[in-house]
Amino acid sequence: MKKKLLVLLLVVLVAFSLFAEGSKEKGKFPTKQINIVVGASPGGTSDVVTRFIAKDVETQLGVPIVTTNKPGGSCSVAFEYMAAQKPDGYNMMYMPVESAMVKPLGLTTLEPSSIRYIGLAMYLPATVTVNKNAPWNTFEELIAYARANPGKVTVGNSGTGSIWHFGAAGIEQVTGVKFNHVPFDGGAAAATAVMGGHIDVAAVAPGEVLPGVQGGDLKVLAIVDKNRSNLYPDVPSFGELGYDVKVLGWGAFGVPKDTPDDVVAILEDAFGKAIQSQGFRDLCEKYGLTPGYLNAAASQEFAEAQAVWYQNEIPKFNLK
Amino acid sequence: MDWITAFAGVFRPDVFFYLVVGVVSGAVIGTLPGLTATMAVAVLTPISFWLEPACGFAMLIGVYNSAIWSGGISAILINTPGTPASMASTFDGYKLARKGYSGLALNINTIWSVTGGLLSTICLATFSFPLARFALKFGPAEFAVVALFGLTMMVSVSGSSPIKGLLVGFLGLLFSTVGLETIHAFKRYTFGQVGLLDGLNFVAVMIGLFGIGEILHQIYTSEREENVIQAEVKTKGQMPSPKLLASLVPQNLFAAAISIIIGAIPGAGGDIASIVSWGQAKRMSKFPEEYGEGSVEGLSVTCTANNAVIGGAMTTMLSLGIPGDAVTAILIGSLMMYGMTPGPMLFIENRPFVLTLIAQMVIANLVILVFGLTTSKIYPRLLAVKKTTLWVVVLFSCFVGAYAINNSTTDLIAMAVFGIVGFFFKMLDVPNGPFILGLLLGGLLEANLRRTLAMTMGSYSIFFTSVISVTLLIIAIVSLFLPSIISGIKKKFRTK
């Protein structure tokens, strides 16, 4: 009996110690390891960007920052995980453009307003890329052909409901043509199919078509952005061609919604510095990303506006 | 001259050191079920950025080759493929180990893995461009036919009971439909679970079916009958005789050729290559009845196959900048971090580096050969511990491995559920192979078939106008029906 009481007492005491952490010297942040979750596989753009920024922030804050990959469901697996984490600043997530799309896609009930953005790092334009042997040498020639042959031009994207699926649809909207959309398992796979001559166009990210372009198998006809891309200085942008840019990829960082303001301020500052560093700018150039910093408040506003846009656009696609 | 510099470069103390570090860590990670070659490379990639390119890549190349090779070790010793690529090695390897030939099986794995690796490296060095160009011809239509061809292996991997095999094979196909469907992103069998959106994780299911299922079965049977796992090394017949090795050469050359091409095709990897090679070798073998019952021949082709994929995948990666499999996708990322873009230009602008990579592939394989043959005595001894201890260790590493794939609890649950399924399969003498084949290829077949039809606006004619597709279809049909036709003819003659 005595033994049982002792055990019970111990359990109660140990249980209390679990809450001990909360009362530990308030106001000092960070004191331990910070975790960042990436909702994509290792090696992709999201992963590379996150790990690069994390390394910089690590030296600024003096605590280890560990990047973990939780791929699945266009980042919704990681999104749901993050929304359920303790809002203490030690749990963070890379928030890609998909975070504004997953709710209208019906993958999860979470949306940008369910999370607190602490800063936007970069934008990612689509390219309009064709095989080097394709009969079109300019974007206008391609569009003229597509207009004369509605639904005949096969455009590969990075998957149904993925950002470049809407990217290609955005091109359709502003040019008034009709494509035949072919979903692939990622942007690189779509670029490969263009190289093999299986489809006509790949509307995917600049970095994904780079090896093919450098090897002379692919040619980029246009960059779906306001300005030209550093990777393809000779290729005209949509801005120059006089078209609106409807869809642009982007990447930001976020924390659970109820993370305290002072903690957010510290993270916002550190991430802001890392994002605006020369090192990150160089990385962006290498991967064909457009560097562009937005602070916490601005990125929150931007993400929520994006969510509204996708909420309106996605139902038009009749995905389900 | 270039080559001499390249090879001499690998023997620089620091480069060689990192190469060996890569091989040893690859051996550990690859042996643990669930910790795949992809994961091994992904984990070491950030570390490699601290090093100069030659050292960093020495480590990655070492890990890549070594993890694929060592995946076969756990396949042989505990019936659990260390990486998906060594799935087919369980068919014969584990049977051999249970017969007491674990030492022989391990050495066969080492020797033929290295042979496969070296052959594919030679391909990489000599005709990477034509090979990569050929691989590009595999579009969605051709890919669908490859998947279909793979599915015809279902009968081969069914063992003694093709009916049972086909039944579970189609069950595997059914399970491959879980998740978001490719064309309309329609949710199938997800039951509102976010974790199921991407379907059942193949590696998790594989670990459950093979690893957990096997352990549960051993626990269940151990009380009734004292059937101890014979994991000790037999002193005799441990090193394969030159005669035995020589007799395996033709089959393995064929397996290497198939696998190099499969490796070069973007998106197809060691799992498909080894199973296709095994099935093809069985069909062409003089002793097909031994396959699945502990055939040295069967084991050797799977070992050759999964390592031969590496050279093929590297070929496409280096010469076109397209990932041939999941590992090379990560390698592209690390090349770009070093400021080099893979593709034809790499061979012109950074020729010495490409030669260094090829030299590293060769040396890494030779290190594996020495390391593998010398350590083959240790591995079985590790397993000769008390059975209960072994079970706990294997169960533990299965759980850790399954979680580590995507840091997902859904994968853990899938592994546990399929562990129980694997147990019942074993009790009912139902083969695992066809199920896992259905699960692996079902998704590929469906996605590529529907992708093709989306491209062609619903016309099937492309399957009959593409030369590759027609050839593969004919081979598939012939290899599916030829054995029964031949045996039918033989019977007729005998009755006469």
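**The interface of chain A and chain B**

Analyst: Of the 320 residues that make up chain A, 54% count as buried. The model is a predicted one.

Chain A contains eleven helices and eleven strands. Its C-alpha trace spans about 90 × 45 × 35 Å along the principal axes. Among contacts in chain A with a separation of 6 or more, 76% are between residues 24 or more positions apart. The accessible surface of chain A is about 13,500 Å², and 55% of that belongs to carbon and sulfur atoms.

Now to the interface itself. In chain A, 40 residues are in contact with 40 residues of chain B. The size of an interface is often given as the accessible area lost when the parts come together. Chain A and chain B bury about 3,300 Å² between them, with 64% of it on carbon and sulfur atoms.

Polar links come next. Twelve residue pairs are in polar contact across the interface of chain A and chain B, both residues being at pLDDT 80 or more. On the side of chain A that touches chain B, two or more residues each come from α2 (45-61), β2 (65-69), α3 (76-83), β7 (180-183), α6 (187-195), α7 (206-214) and α10 (278-287) of chain A. By type, the residues on that side of chain A are 15 nonpolar, 17 polar and eight charged.

The salt bridge between the chains joins the side chains of A:Asp217 and B:Arg133, at 3.0 Å from N to O. A:Asp217 is in the loop between α7 and β9 (218-224) of chain A, and B:Arg133 is in helix α5 (residues 89-136) of chain B.

A:Asp217 has a relative accessible area of 5%, so A:Asp217 is buried, the cut-off being under 20%. B:Arg133 counts as partly exposed because its relative accessibility is 35%, which lies between the limits of 20% and 50%.

For comparison, here is a salt bridge within chain B. B:Arg450 pairs with B:Glu446, and their closest N and O atoms are 3.3 Å apart. These two residues are four residues apart in helix α18 (residues 433-455) of chain B, so about one helical turn separates B:Arg450 and B:Glu446. Through shared partners, salt bridges join B:Glu181, B:Arg188, B:Glu446 and B:Arg450 into one network.

Conventions. Residues are numbered from 1 along each chain as its sequence is written. Chains are lettered from A and ligands numbered from 1 in the order in which they are written. This is a predicted model: local features need pLDDT of at least 70, side-chain atom pairs count only at pLDDT 80 or more; totals for chains, interfaces and linings use all residues. Side-chain values use heavy atoms; hydrogens and water are left out. Contact means heavy atoms within 4.5 Å. Buried area is the accessible area (1.4 Å probe) that two parts lose on being put together, summed over both. A polar contact is a pair of N or O atoms within 3.5 Å; within protein, one must be able to donate a hydrogen and the other to accept it, and residues adjacent in sequence count only if both atoms are side-chain atoms. Ala, Val, Leu, Ile, Met, Phe, Trp, Tyr, Cys and Pro count as nonpolar, Asp, Glu, Lys and Arg as charged, and the others, Gly among them, as polar. Buried means under 20% relative accessible area, exposed over 50%, partly exposed in between (1.4 Å probe, protein chains only). Accessible areas come from the Shrake-Rupley method with a 1.4 Å probe; for residues, only the protein chains shown count as cover. A salt bridge is a side-chain nitrogen of Lys or Arg within 4 Å of a carboxyl oxygen of Asp or Glu.
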